[in-house]
Amino acid sequence: MQRTLRNLAIALAAGSIALAVQAQDKAEKVKAAPTSNKIVVNGVTIPPARFDAMAKELEAQGHPDSPERQQAIKEELINREVLAQAAKKRGIDKDPDVQMQMDMARQAVLVRALFENEMKQHPISDADLEKQYNEFKASMGTNEYHVRHILVDKEEDAKAIIEQLNKGADFATLAKEKSKDPGSKDNGGDLDWGPPGRYVKPFADAVTSTPKGTWTKTPVKTDFGYHVIKVEDVRPLKVPTFVELKDRFRSRAQQEQIQKLVQDLRSKAKIEDR
């Protein structure tokens, strides 16, 4: 119940400022007038830093500065302060569950700030990202393949399927009847187009060594079971450029950087699980 109310409060706050900003966006752009941003509610001064933080967040969302936006922020800060004061007056801030949630929120802010600090202290260079991109590009190969497969548990079942195919059976029909892969069986075992690097090595090796329009003559074993693979078609692989993938590689590198930080800190921490 408390989580629902908290989510409702967040939604109302976001909604009120979003409506104000949307109205501002429809208006003609005008230069924002200077403002002190000093707001006092029942004798309590709202720190200007809160105004600046909310303005920065809206700026990042693509809402330019304007008198309308400034007024929307002020109204939202006043609403929050009035509600927060009312909550304190009712003693809600003393509730153990509320205090726990506030403490967890504070902890989350500290953790996010630590991550941001770590990335500032150890920035990832474009040269590092380009190196990762080149390794990725090399692993993809030069071609991509349109592949179907039939997955079964037993090798003898895979051999029996190959015999049926050799006698003229339809691959897609057999896949629908016999494959245990829920993601492709209803589509006749179709895995669509993809580079060999998409698959585990035994599967990938079979794909690249099987001529177009044919299927593997022996079952292919992986951790998933036994596969019968058909290569429908082959075409040159068009790998996106470094510029197109740069942000994805940066995001992945940052995630790995954070994971390493967590692992390093845990390895040095004294942890007692009683």
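## Salt bridges

A salt bridge is a side-chain nitrogen of Lys or Arg within 4 Å of a carboxyl oxygen of Asp or Glu. In this predicted model, E272 and K270 meet in such a bridge, at 3.9 Å from N to O. K270 is exposed, with 76% relative accessibility, while E272 is partly exposed at 45%. Across the whole structure, a search finds 16 salt bridges.

## The pair R69 and E59

R69 forms a salt bridge with E59, and their closest N and O atoms are 2.8 Å apart. R69 belongs to helix α3 (residues 67–89) and E59 to helix α2 (residues 48–60), so the pair ties together parts that are 10 residues apart in sequence. R69 is buried, with a relative accessible area of 4%, whereas E59 is partly exposed at 43%.

## Helices α5 and α9

Helix α5 (residues 126–140) and helix α9 (residues 242–268) have axes that come within 9 Å and cross at roughly 105°. The two helices are therefore roughly perpendicular. On the α5 side, the contact includes D126, L129 and F136; on the α9 side, F242, L245 and R250 are among the residues involved. By class, the contact has seven nonpolar, one polar and five charged residues.

A salt bridge also joins R250 to D126, with the closest N and O atoms 2.8 Å apart. This pair links distant parts of the chain, since R250 in helix α9 and D126 in helix α5 are 124 residues apart. R250 is partly exposed at 22% relative accessibility, and D126 is partly exposed at 36%.

Technical notes: Residues numbered from 1 in each chain as written. Predicted model: local features only at pLDDT ≥ 70, side-chain atom pairs only at ≥ 80, totals over all residues. Heavy atoms only, no water. Axes fitted to C-alpha atoms, helices over the stretch in contact; angles between N-to-C directions. Helix = DSSP H or I, 4+ residues; strand = E, 2+ residues; numbered from the N terminus. Parallel < 35°, antiparallel > 145°, perpendicular 65-115°, else oblique. Contact = heavy atoms within 4.5 Å. Nonpolar A, V, L, I, M, F, W, Y, C, P; charged D, E, K, R; others polar. Buried < 20%, exposed > 50% of the residue type's maximum accessible area, 1.4 Å probe, protein only.
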